[in-house]
Amino acid sequence: MDVSSAFAAALSLIVHLDPQFLQIVGLSLRVTLSAVLLAALIGLPLGALLAVTRFPGRSVLIVLVNGLMGLPPVVAGLIVFLMLSRSGPLGALGWLFSPTAMVIAQTLLVLPIIVALTRGAVEELWAEYREHLTSLGLVGWRAIPTLLWDGRFALATGLLAGFGRASAEVGAVLIVGGNIAGQTRTMTTSIALETSKGDLPLALGLPRADRADPRHQRGGIWRQPRRRPLRRLTAMRDAVSVLPLSVDGLTFRAGGKLLLDGISFTVAKGGVTTIIGPNGAGKSLTLRLCHGLLAPSAGTVRWHADPGRRRHAMVFQRPVMLRRSVRANIAHALAAVGIQHPAPRADAALTRFGLAALADRPARLLSGGEQQRLALARAWALEPEVLFLDEPSSQLDPSATRKIEEIIAALAVEGMTIVMSTHDLGQARRLGQRVLFLCEGRLVEDGPSRSFFAGPASNEGRRFIAGDLLW
């Protein structure tokens, strides 16, 4: 039979749904999809856990997983054969030369691929999300559902790669399946067998059906489709009935260098406390230590509020937008802290911050100013006792900065306690009732904003106001 006749005969098998053809294709898909599903159930969480945790021997384990991606199919088949043979530890199960044995062998081949590709995708996402998720208390295994969901399009590549490997290999299923007609004969083994016998119609028909299946795309990649004037706060009273937070002797060392040198202060209820100072003074570091993102080398951060209440939230200089809608970004944060029905509060936050019309838009498509407003709305929805802001407008244009300042001022007027780092002296003067001035990791001045800007008490403060110290 010439090639053209063989192709015609193969097409006839597909069109007329030849029973033998359907049985082989059906078994192939069941075995391969079962193996990919089993490997995904094990490999996705395992790869994600490998990405977000650190432990002794982690690097060795990563090298081992990467090496197993190239495991020869015949080796995988031999391992499963030895386990399931009559003299093997699982021989009593009677699985050898059955579809179950074929699923196990294919799972062994697919699992390292899914683990390795999941680890790479999740590790990249974890580097971006780490501070935000840690801020919500989602660390270690608790962060995995968020990372897997937001990385789902990249992870689809691993699943497709695993499907391609499982459906294309021959050696493993030949060893453990036996290529028994009507029982364990799959497309790959049939192609090999029928071609060797000269049965071109069946041999050609099977790969054509294989390619026609939209789920079998070797090397395929899934790609994700492309106000009001600022209120003055200087008239607010500094009287305090409760001290939500006190910091005593806070010290931080990294790489043998002293970055924060025993600073102490208290945060009063209500109003805006601004932390200012030159670049490298320790402003952002202080906020991260207070928020619990870093552990101090010495000293204490003590909260005095009701232990049943969420004490603090933080908005970062570069806001982290999860790969989901504007509304879902807020709802996720609320769910992470145990809010049972987050939708009403999320909608209230969107309305409060002027984002209701953008609720269903992907958060990453918002402008810089809108993203920062969303970050503020997300933090506000958590009802924190203290809100930490790390240079919240440093990346924004003047118009967006003005809107952010109006929001901060309004929150302070409503009674929220805000601790904010900023390099903008004008902003610190407009918004702050109190100034913490840091220089070279030391707290040099702590006092009312008006007094500091009228005349700093320290030589460093006077030089900073005059612009002699680098920011």
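**Nonpolar patch and cores**

Helix α4, spanning residues 73-84, is the main contributor to a nonpolar surface patch, giving 4 residues to it. The model is predicted. The patch has about 620 Å² of accessible area in total, on a chain that exposes about 22,200 Å². Away from the patch, the briefing covers the nonpolar cores and the chain as a whole.

**Surface patch**

- The patch is formed by Val74, Val75, Ile79, Met83, Leu90, Leu93, Trp95 and Leu108.
- Ile79 is one of these patch residues, and its place is in helix α4.
- Ile79 counts as partly exposed because its relative accessible area is 41%, a value between the 20% limit for buried and the 50% limit for exposed.
- In soluble globular proteins, nonpolar side chains tend to be buried together.

**Nonpolar cores**

- The largest nonpolar core holds 63 residues.
- Within this core, the residues that touch the most other members are Leu147, Ile330, Leu387 and Ile418.
- Leaving aside residues up to four places away in sequence, Ile330 touches Ala346, Ala349, Leu350, Leu374, Ala377, Arg378 and Ala381.
- There is also a second, separate core of 23 residues, with Val247, Leu260, Leu285 and Val419 among them.

**Whole chain**

- The chain contains 18 helices and 9 strands.
- Of its 471 residues, 49% count as buried.

Methods. Residues numbered from 1 in each chain as written. Predicted model: local features only at pLDDT ≥ 70, side-chain atom pairs only at ≥ 80, totals over all residues. Heavy atoms only, no water. Patch = residues over 30% accessible without salt bridge, like charges linked within 9 Å, V, L, I, M, F, W, Y side chains within 5 Å. Areas by Shrake-Rupley, 256 points an atom, 1.4 Å probe, with all protein chains shown as cover. Salt bridge = Lys/Arg side-chain N within 4 Å of Asp/Glu carboxyl O. Helix = DSSP H or I, 4+ residues; strand = E, 2+ residues; numbered from the N terminus. Buried < 20%, exposed > 50% of the residue type's maximum accessible area, 1.4 Å probe, protein only. Core = buried A, V, L, I, M, F, W, Y, C linked by side-chain atoms within 4.5 Å. Contact = heavy atoms within 4.5 Å.
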